[in-house]
Each structure stands twice: as C-alpha cells, then as structure tokens.
Amino acid sequence: MSEHYFSADPSVAFERARVEATVWGHDLALQSGSGVFARGRVDIGTAVLLRETEPPAPGRVLDLGCGYGVIGLAIAVAQAGARVDGVDVNERAVRLANENARSLGVDERYAARTVDATQMPPPETAYDEIWSNPPIRIGKQALHALLLGWLPSLAEGGRAVLVVGKNLGADSLAGWLGDQGWPTTRLASAKGFRVLEARRG
C-alpha cells in the first residue's frame, strides 16, 4: 500500500530537508522532512496563498493541516499579536512544526498537535481566523467533513482563508461552502490556484 503525507505516522526513513522562504518581508529558515507534505520546498499553492495575502490581524489563528508549519509560522513571525494553533494528522509534520517554532523563537505563540481524521475542536474553541492549504486529495467526502468540523470554531465575524487548485475543484468548493452557510469569495487567483475567503454566515 502506498503511503501519503496524510498518513498518521509515516514509516518511510526520515531525512530532513531545509526550506528557506521570505514571507511578508520576513526570512524563514525551516526544516521539512521525508513523509511530510512538500518536503524541501514551499509548495506552489502555499506560495500563492502567502504571496497574495497580508498577515492577519492580532488574534487566535488555526493552521489547519499545518504540515511542517510554514503558514502558521509565517503568521506568528509577521504578526506579534497572533497566537497560532497548528493541527495535522501527520505526527512527523507536527514534530517538525514545533521544532521550527522553537528555532524561530515563536514557540510561546505557536503550538502544533496531532489530531485524527475525525477529531474536531472542543466546542469552547474560538478562532478569529483559520488558514489552510487543505488536503484536497483525501477525497471530497473527507474534505467536506474536515471543513464542516472545523469551520464552526470560527468566532463571530471570523474568516477562513484557503488555497485550492482550480483543477482540483476550487470553484465548486466555494459554491458548496456557500450552500452550507459559509459565504465564500475569491480573494486572488494565480498559477492555477484560487485563494478563497469563507466567513461565518
């Protein structure tokens, strides 16, 4: 059976790979690794998301499907008033994200943890923003369940910022989110990706 980055505990031999990126005027030196999404690079979708947006306002932010942490860590570095939680099913990715937070000196404001595919936030959780390059390839049904599980953790007036490939159904996802009571607009479009903003209805 082939193994994917959304496996909970990848068995492939672990090799680190350095990633360097400049986001919102800040240089980030990160460690990625084998068995983790976008090993050794910032994937195109995430690069589009970060290039086409500005950092969020101060508040509590969720990095949904955090991988080795590039989105949430970019937010924590750029916005001193942000407290960021990262969640991912991949244990190796979560370890890397927390190591990267320590190396960047933002571990007091960024913490990643593992969740299983069905685990959702406790009802008292409230995020001002959710940022994500969601794992489209887990399948439509699983993706819909993931989003409908976590979007209700947005505080009143909160928003989710997502990047999705146009050829992977970005426009239909935006329409579906709207039908579920999450009005969704397109913030940007570049390199075959849409940056979407979904808000509480």
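Predicted model: local features only at pLDDT ≥ 70, side-chain atom pairs only at ≥ 80, totals over all residues.

Trainee: Which elements give two or more residues to the lining of the second largest pocket?

Mentor: Those are helix H4 (140–150) and helix H5 (170–179). Among the lining residues you'll find Ile136, Lys140, Leu143, His144, Leu168, Ser172 and Trp176. By class, the lining of this pocket has 5 nonpolar, 4 polar and 1 charged residues.

Trainee: On to strands. How do I read their pairing?

Mentor: Strands of a sheet pair through backbone hydrogen bonds, either parallel or antiparallel. Take strand S1 (residues 16–23) and strand S2 (residues 26–33): they pair in the antiparallel sense over 8 bridges. For one spot to look at, find Ala21, which sits opposite Leu28 in S2.

Trainee: How many residues lie between S1 and S2 in the hairpin?

Mentor: There are 2. Check the backbone there, too. Most residues other than glycine have a negative phi, and most peptide bonds are trans. Trp24, in the loop between S1 and S2, has a positive phi of about 50 degrees although it is not a glycine.

Trainee: Where is Lys191, which also has a positive phi?

Mentor: Look in the loop between S8 and S9 for Lys191. Its phi is about 50 degrees, and it is not a glycine either.

Trainee: Is Lys191 buried or exposed?

Mentor: Lys191 counts as exposed because its relative accessibility is 63%, and the cut-off for exposed is over 50%.

Trainee: What is the strand order in the open sheet?

Mentor: The 7 strands go S5-S4-S3-S6-S7-S9-S8, with mixed pairing. S5 and strand S8 (184–190) are the edge strands, each pairing on one side only. From one strand to the next, the twist averages 20 degrees.

Trainee: Which strands does helix H1 lie across?

Mentor: Helix H1 (residues 44–51) lies across S6, strand S7 (154–165), S8 and strand S9 (193–199), and it runs at about 60 degrees to S9. Helix H3 (residues 91–104) lies across strand S4 (82–88) and S5, at about 170 degrees to S5.

Trainee: How many of the residues of helix H2 are buried?

Mentor: For helix H2 (residues 70–78), 7 of its 9 residues are buried, and the helix is mostly covered. Val70, Ile71 and Leu73 are among the buried ones.

Trainee: Let's finish with a loop residue. Why does Thr125 count as buried?

Mentor: Thr125 counts as buried because its relative accessibility is 11%, and buried means under 20%. You'll find Thr125 in the loop between strand S5 (110–114) and strand S6 (127–132). Leaving out residues up to four places away in sequence, Thr125 touches Arg60 and Ser153.

Methods. Residues numbered from 1 in each chain as written. Heavy atoms only, no water. Pairing = 2+ DSSP bridges. Helix = DSSP H or I, 4+ residues; strand = E, 2+ residues; numbered from the N terminus. Buried < 20%, exposed > 50% of the residue type's maximum accessible area, 1.4 Å probe, protein only. Contact = heavy atoms within 4.5 Å. Axes fitted to C-alpha atoms, helices over the stretch in contact; angles between N-to-C directions. 1 Å grid on protein atoms, 1.4 Å probe; cavity = no way out; pocket = protein on both sides within 12 Å on 5 of 7 lines; lining within 4 Å. Nonpolar A, V, L, I, M, F, W, Y, C, P; charged D, E, K, R; others polar.
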